[in-house]
Amino acid sequence: MNFYKQAALALDHLDAKQGSVKGSVAAAGVAQGNESKRILALVIESLKYKPTILDLLSSVKLLNLEKKVFPAKVPSGAPTSQNLVLVLLQDLLFSKEGKVQASDKWPPKAAILRHGTRLKAELVKLQIKRGLSSKEELERSGGDVATQIPRYVRCNTNILSITKFISNMTKANPPWTLLSTPTYPVPARSFFQDPHLSPDLFALPASTKFDKNLDYANGGIILQDKASCFPAKVLMHDWKDGEGQVIDGTAAPGNKTTYISALMHNKGEVHAFERSHVRFKTLEKMLERAGCNNVKAQRADFMESKPKDYENVTRILLDPSCSGSGIVNRLDYLLEGAEPEDDDVKAERLEKLAAFQLVMIRHAMKFPNAKRIVYSTCSIHTEEDEEVVMKALESPEARDFGWKIAPRSQVLPAWERRGRSEVTGGDKDIAEAVICCVPGEDRTNGFFVSCFVRDVPEYQPTEVVGRGKKRARQMDVQEEEAEPKRTKVEDNVEDMQTRTETIEVDTSRTAFANETSDQTTSKAKPKKKKKAKKAGLGA
Ligand SMILES: C[S@@+](CC[C@H](N)C(=O)[O-])C[C@H]1O[C@@H](n2cnc3c(N)ncnc32)[C@H](O)[C@@H]1O
């Protein structure tokens, strides 16, 4: 199928369902690789000029004039005529080449060209009417919320020291200025250490591009939203090398796993689980790129892991699939005007997600030597946030194994926005103990972080075998008694977002349903460290 038809199908998908721009390209069945990047670019450009093109179509009634080529009813599997016209006109009127890149014999191209002169004349009229000096100014402008969020850059200390990163920036040509105090919006060519996640997280102007940055290419820096750094930071609170091992139960694409790895100084062992086949590959790539020597990745379902096989694990991160309602996609403004999701559908979806999130936490609570579990979402819905935490605290696992909520003092106490006490049944301590982020307002995406803790005797590798086994046996009994029947929810839920910004075109909505269940294990093969060269950010 040609590339215009695929782009038009992605637009049809966006019109039919709410979803992300990138996700719709994947959902339209577009193969990965350069072709998908080209189609994504066309979809984005078409959305930018959609209002203008629709205005043009109200003057030049192309769909009526060329009914045979652009019928109102199209055969199944074909894109709608309106969206096909949209992508064709985008290329004809706004692309650098100024032409439709298809054979002249292709009927849709021929039909468009029959009206080319008139369309161009109407476009000039529209531009003059709006008092604009170029047709490019007809593009929709960016969303306010997204522009309030700085471009966050995490220095990946597995590869690049913080001192070296700063020096690469300040010696770049033209140089960047390191500010000593946070300033918003971040001034051009300036950067500073984030006040909550210093020393390794930096804030840069929102529009900063990284395609030509060598530290980025070498894995020395990772583009990661500030809020998405919180879970690893909270998990590794007071970590001492040699304490034990760590599990990341829901790891791909690997932003948090790579941060955990760095916070462990690339020592010890992190077990990273990822169930999706496609996303597991992304995870492997990211671990390799980030030079993680201490991560053992498994293509496996965390729910099928046996707690007694992980006696050395003391900390677990769970950042499971969620609605992604907190994500402020830099492309979201392009979807303004889309039909909102039906309330009942939304409630049902949230209920299913929350049920899945809860069983994941309850499973994590069974690990014999675990003493710290971080649960996070990039959702702003209480159903997936505080409500899940309350249910987890009331669960038999929490009661039997002594899990409670970690106090604020251990959960980034300096972060001001805490939980919603109306959801915690008025329990202010629980509300204070968790973190919320409001998209844009907090200069982050929307996010939620909670942490469960319990006292377990200090883990001793030599002694623990007996004690751990005993505890594991007790837990097996609990598992049979307490675990709710696992629904198929997780298998059907799409991962509603991808929080990696390191892969510019990603498969953010991987459907789990079609995956096979074979499991693979791989120890990340760290690539040889390349010398970081001067940062020449292209912003
Ligand atoms: C929100 S994403 C995780 C993002 C990741 N923590 C990061 O920061 O890059 C959730 C991931 O969990 C995976 N997942 C969901 N259920 C799982 C399960 N039961 N076992 C393993 N992985 C699972 C999904 O495929 C998805 O890749």
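Two residues are said to be in contact if their C-beta atoms, placed from the backbone, lie within 7 Å. The structure is a predicted model, in which local features need pLDDT of at least 70 and side-chain atom pairs count only at pLDDT 80 or more, while totals for chains, interfaces and linings use all residues. Residues are numbered from 1 along each chain as its sequence is written.

A residue is near a molecule if its C-beta atom, placed from the backbone, lies within 6 Å of it. Around the ligand there are 23 residues, and the closest are T250, N255, R275, F302 and D319. Two elements, α12 (255-263) and β7 (270-274), each give two or more residues to this shell. Such elements are DSSP runs numbered from the N terminus: helices are H or I with at least four residues, and strands are E with at least two. Sorted by class, the shell holds 7 nonpolar, 7 polar and 9 charged residues. Here Ala, Val, Leu, Ile, Met, Phe, Trp, Tyr, Cys and Pro count as nonpolar, Asp, Glu, Lys and Arg as charged, and the others, Gly among them, as polar.

The UniProt record, an unreviewed entry, carries the annotation "binding site" for E274, D301 and D319. Positions from UniProt are given in the numbering used here, feature names are shortened, and annotations may be inferred rather than shown by experiment. The annotated residues span 46 residues in sequence, yet no two of their C-alpha atoms are more than 13.6 Å apart, so they gather at one spot.

Two of these positions deserve a second look. A residue is called buried if 20 or more other C-beta atoms lie within 10 Å of its own, exposed if 12 or fewer, and partly exposed in between, with C-beta atoms placed from the backbone. E274 belongs to strand β7 and is buried, since 26 other C-beta atoms lie within 10 Å. Apart from neighbours within four places in sequence, the contacts of E274 include A251, R279 and R299. D319, by comparison, sits in the loop between β9 (313-318) and α14 (343-364). This residue is also buried, because 25 C-beta neighbours fall inside 10 Å. Leaving aside neighbours within four places in sequence, D319 is in contact with P231, T250, K256 and S376.

Elsewhere, 5 strands form an open sheet of mixed pairing, in the order β2-β3-β4-β1-β5. Its edge strands, β2 (177-178) and β5 (221-223), each pair on one side only. Two strands pair if DSSP finds at least two bridges between them. Strand β1 (residues 151-155) and strand β4 (residues 201-204) run antiparallel and are joined by 4 bridges; one example is V153, whose bridge partner in β4 is F202.

Most residues other than glycine have a negative phi, and most peptide bonds are trans. The peptide bond from N173 to P174, however, is cis, with omega near -5°, and P174 lies in the loop between α9 (162-170) and β2. A cis peptide bond also joins A252 and P253, with omega about 5°. D238 is not a glycine but has a positive phi of about 60°; this residue is exposed, with 7 other C-beta atoms within 10 Å. For L412, phi is near 40°, again a positive value in a residue other than glycine, and L412 is partly exposed, with 18 other C-beta atoms within 10 Å.
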